[in-house]
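Subject: Structure for your attention

Dear colleague,

I am passing on the structure below, and would be grateful if you could look through it alongside the notes that follow.

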Amino acid sequence: METTDYCSYELSKALKACGFDEPCIAQWSCEPDGKPMLVGSTAFVFSNAELKGRDVTAPLLFHAQKWLREKCGIVVIAEPDWDSEDYCMADYLTGEWYFSVWKDGDRVHCNFDPNAEEERIWMFEKYEQALSSGIAAALELIKKGE
């Protein structure tokens, strides 16, 4: 798996702060200089309760997305901009991606309004970038108590 499939160190810390303590096959371990390093294992499973100091679990983006949906009732969706001139149905690597966050059947946050007149400045080149940003936006809602 690619490192982009995992939540970043900052996102993993935010997940932990919001109560994420699911078992994961990877963790962010901080080196003595403070730089986080992704450490994975097929033999061990990590949980935040077991880790010390600045170390945190490193969930896959899908895992964080599923946790938000099942434990918090928040749905995060990353999808392509179907109207983008750059979008090509045959090649998902081109085009632009955006995210939306839903709670109780209502869209509570979206980084892009296809009907808006303003320039599209919040689009992402990759699905993983949009999903990661959507998860971060959902965690901000949880922190604010919304």
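A residue is called buried here if its relative accessible area is under 20%, exposed if that area is over 50%, and partly exposed in between, with a 1.4 Å probe and protein chains only. On that basis, 37% of the 146 residues of the protein count as buried.

Please bear in mind that this is a predicted model, in which local features need pLDDT of at least 70 and side-chain atom pairs count only at pLDDT 80 or more, while totals for chains, interfaces and linings use all residues. Residues are numbered from 1 along each chain as its sequence is written, and side-chain values use heavy atoms, with hydrogens and water left out.

The secondary structure comes to 3 helices and 6 strands, where helices (H or I, at least four residues) and strands (E, at least two) are DSSP runs numbered from the N terminus. Along the sequence they follow the pattern α-β-β-β-α-β-β-β-α. Of the contacts (heavy atoms within 4.5 Å) with a separation of 6 or more, 60% come from residues 24 or more positions apart.

The sheet

An open sheet of 3 strands has the order β4-β5-β6 and antiparallel pairing, two strands being paired if DSSP finds at least two bridges between them. Because β4 (74-80) and β6 (106-110) stand at the edges with a single partner strand each, one side of each is left without a neighbour in the sheet. From one strand to the next the twist averages 30°; here and below, axes are lines fitted to C-alpha atoms, for helices over the stretch in contact, and angles run from 0 to 180 degrees between N-to-C directions.

β4 pairs with β5 (residues 97-103) over 7 bridges, and β5 pairs with β6 over 4 bridges. β5 and β6 form a hairpin with 2 residues between them, and Asp104 in the turn has a positive phi of about 55°.

The helices

Helix α2 (residues 61-72) lies across β4 and β5, running at about 145° to β4. Helix α3 (residues 127-144) also packs on the sheet, where it touches β4, β5 and β6, and its direction makes about 30° with that of β5.

α2 and α3 pack at an angle of about 35°, with their axes 10 Å apart. The residues in this contact include Trp67 and Leu68 of α2 and Leu131 and Ile135 of α3; by class, the contact has 11 nonpolar, 2 polar and 1 charged residues, where Ala, Val, Leu, Ile, Met, Phe, Trp, Tyr, Cys and Pro count as nonpolar, Asp, Glu, Lys and Arg as charged, and the others, Gly among them, as polar.

Helix α1 (residues 9-17) packs against α3 at an angle of about 30°, again with the axes 10 Å apart. The contact is made by Leu11, Ala14 and Leu15 of α1 together with Ser132, Ile135, Ala136 and Leu139 of α3, and by class it has 6 nonpolar, 1 polar and no charged residues.

A loop residue

Gly53 is found in the loop between β2 (36-40) and β3 (56-57), and is exposed, with a relative accessible area of 70%. Its C-alpha atom is separated by 8.6 Å from that of Cys30, which is 23 residues apart from Gly53 along the chain.
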